[in-house]
Amino acid sequence: MSAPDGGTRHYAAGYEIIDDGHPRWWGQIGVSVGAGDLPGDDPQALLQHICGLAARRHDALPAQVRLLLLVRL
């Protein structure tokens, strides 16, 4: 799905970080992706990109991130 004007797409995501099987941290993150960027053109790459950003915020692994909500703005 591409942006109508071919420009930047913006997303907001809510997530939690799972540690020892339990949610330990919660947060929100905003992401902007330019048209033609890999994360924006491939849905799986976009999800991995967002999980990686969230994980870095909490010094966690991307596999520990559970996305609760993803909205394109």
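Taken over the protein, the mean pLDDT is 89, and 90% of the residues reach 70 or more. Since the model is predicted, local features need pLDDT of at least 70 and side-chain atom pairs count only at pLDDT 80 or more, though totals for chains, interfaces and linings use all residues. Residues are numbered from 1 along each chain as its sequence is written, and side-chain values use heavy atoms, with hydrogens and water left out.

Now for the sheet. It is an open one, made of 3 strands in the order S2-S1-S3 with antiparallel pairing; two strands count as paired if DSSP finds at least two bridges between them. S2 and S3 (65-72) sit at the edges, each pairing on one side only. From one strand to the next, the twist averages 15°. S1 (residues 9-19) and S2 are joined by 11 bridges in the antiparallel sense. Helix H2 (residues 43-57) packs on the sheet and touches S1, S2 and S3, its direction making about 125° with that of S2. That angle is taken between N-to-C directions, on a scale from 0 to 180 degrees, with axes as lines fitted to C-alpha atoms, for helices over the stretch in contact.

Asp20 counts as exposed because its relative accessibility is 66%; the cut-offs are under 20% relative accessible area for buried and over 50% for exposed, with partly exposed in between (1.4 Å probe, protein chains only).

H2 checks out on length. At 1.5 Å a residue, its 15 residues should span 21 Å, and the end C-alpha atoms are 22 Å apart, which agrees; the expected span is 1.5 Å times one less than the number of residues. Buried residues of H2 include Leu46, Ile50 and Ala54. After H2 comes Asp59, with a positive phi near 50°. Asp59 lies in the loop between H2 and S3 and is exposed, at a relative accessible area of 75%.

What about the inside? The largest nonpolar core has 14 residues, and Tyr15, Ile29, Ile50 and Val65 have the most contacts inside it. Such a core is a set of buried Ala, Val, Leu, Ile, Met, Phe, Trp, Tyr and Cys residues joined through side-chain atoms within 4.5 Å. S1, S2 and H2 are the elements that give two or more residues to this core, and H2 supplies the largest share, 5 residues.

Ile29 is worth a look of its own. Found in strand S2 (residues 22-33), Ile29 is buried, with a relative accessible area of 7%. Leaving aside residues up to four places away in sequence, Ile29 touches Tyr11, Ala12, Ala13, Tyr15, Ile50, Leu53, Ala54 and Arg57, where contact means heavy atoms within 4.5 Å. The C-alpha atoms of Ile29 and Ala12 are 5.8 Å apart, although 17 residues separate the two along the chain.

Key:
Helix = DSSP H or I, 4+ residues; strand = E, 2+ residues; numbered from the N terminus. pLDDT = per-residue confidence, 0-100.
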